[in-house]
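Good morning, and thank you for joining this group meeting.

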Amino acid sequence: MAGISREARRTDLRAWYDDHVDELRALETAFGTHLGNAIRAAHLDDARLETRTKGVESFLEKATKSDGRGGFKYADPAGQLTDFVGARVLVPLSADVAPVARLVQRLYVVEEMSDQRADSLLDVPGYQSLHFLVRFRDEDREALGVSDRPVELQVRSILQHAWASLQHDLMYKGERAPTDSVRRRLIALAGLLELADHEFMAVRLAHGDAAGMLDDAHAGGFDVAGVRAWAERLAGDEADGEPLAWAAALRTVLTALGATTADEATALLGEWAERGPELARSVRATRPWATASYVVDLGLRLALGADYLTHREVTDPTGVDAFTRETDDVRSALEGSA
Amino acid sequence: MSERVCVVAGAGAWPFYLATGAWVGQENRRFGDATRLGFYSGRQVQGLAPLIRAAVASVPLAAEDAATRALSADPTERRVGEALAAALHDGATAARVSVVLLSPPDDPATASFEPVAHEADTAWTMFQRFVDLDRLRTATSTADLGSG
């Protein structure tokens, strides 16, 4: 790669950037307004949104990266790069990431989603963040009059962000590579911040708030509180009797089963939707602790049979046997009490 | 060689096992080389020694953990969650506990024998003691169990 060709490329790309920067900034503004409004409407008041359009120097540096073989890493950087417009949502704690993620999935076409927590070594503390590559839905794009370029979006907690920022500066912006000792101390700090995150969640719970249960009204009323009300109604229980944690767990189950509204969830239960109080009485004869959400989950197991396991990605024979044994036992108990 | 049984003390452990098929107690509790648990309460070693099927050394005793695990699709996780939920329902208050999943009372894998009475004035154990299963099967009183 001759120096002159790199310079020539920079000149061409700079001209392209100058021609398109208004379009990129318009996309940034539209995305920021659109997602910001949705976050406010969902009452995710503690979530903080930041957006940016890639600067020209940052673009030129990336667009003229070498491939190590005398060519350029990106043959068509204007078409290949996906980070012209970026956004980041910072939430207080890691448990608050999920409501924002659900909102994003509902609002946009998600082309990629990568959970950097899941991809990294699970037994070593380190970088944690949820990354999306999203586009506006066609109708929104047309209404807003913006381009079809994707937007890169990160969702992470404040503590995850603090660690990632410091780590990035030390690892990539210093004049020399960090020593093993420095890397070790960074990893230790990640562990410390993860513990702090857990402790903050414990404090929040102790204070009476529910971790991971920010008001996600965008769920059309079938948020955690909505799931609890639905489950308690089905089981014939009084309202607000079970801890919200049970409804949160049931909501996760329902999502895995493809139900995001009360009607969809009721449909999954089939005839068991009418037999909730009967099922609750039978189960509580031997499991007096059984909450409404537990009873409803059992109803879903009975109603869906093997499909329940398929949706929840259980394939090993031990899991299938245990499931069959349990549902058979519940049916027998119901018949015995009939 | 006879199987080793770790006989745990505690008035609540025995009914809890009968109700749930599990033992929930002190975090990081060690059971040595025992493959079974026994229960000492009411001045006798109770007449069942279930197999230890799975053990979780340390888990938060909280509604969040109970709920998430009890609604898990994994059968072991589900049983751990159910045991936590039962412990919470019974009023247990430790921050973290150990959970041991056992063969249920009516499971053929659960060894049964005549309850072994304890006749001395002092408790046979206030924590846990190890005995051979064969000895439990033949003993008529804890004096026949020796020192373990």
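In chain A, A:His131 stands opposite A:Gln154 in strand 5 of chain A. This is a predicted model, in which local features need pLDDT of at least 70, side-chain atom pairs count only at pLDDT 80 or more, and totals for chains, interfaces and linings use all residues. Residues are numbered from 1 along each chain as its sequence is written, while chains are lettered from A and ligands numbered from 1 in the order in which they are written.

Strand 4 (residues 130-135) of chain A pairs with strand 5 (residues 151-157) of chain A in the antiparallel sense over five bridges; pairing requires at least two DSSP bridges. Strands are DSSP runs of E, at least two residues, and helices runs of H or I, at least four, numbered from the N terminus.

I turn to the interface. The contact takes 16 residues from chain A and 12 residues from chain B, contact meaning C-beta atoms, placed from the backbone, within 7 Å. Helix 10 of chain A gives the largest share of the chain A side, five residues. Within helix 10 of chain A, A:Ala245, A:Trp246 and A:Ala249 meet B:Ala63, B:Glu64, B:Ala67 and B:Thr68 in helix 2 of chain B.

Notes. Two residues are in contact if their C-beta atoms, placed from the backbone, lie within 7 Å. A residue is buried if 20 or more other C-beta atoms lie within 10 Å of its own, exposed if 12 or fewer, and partly exposed in between; C-beta atoms are placed from the backbone.
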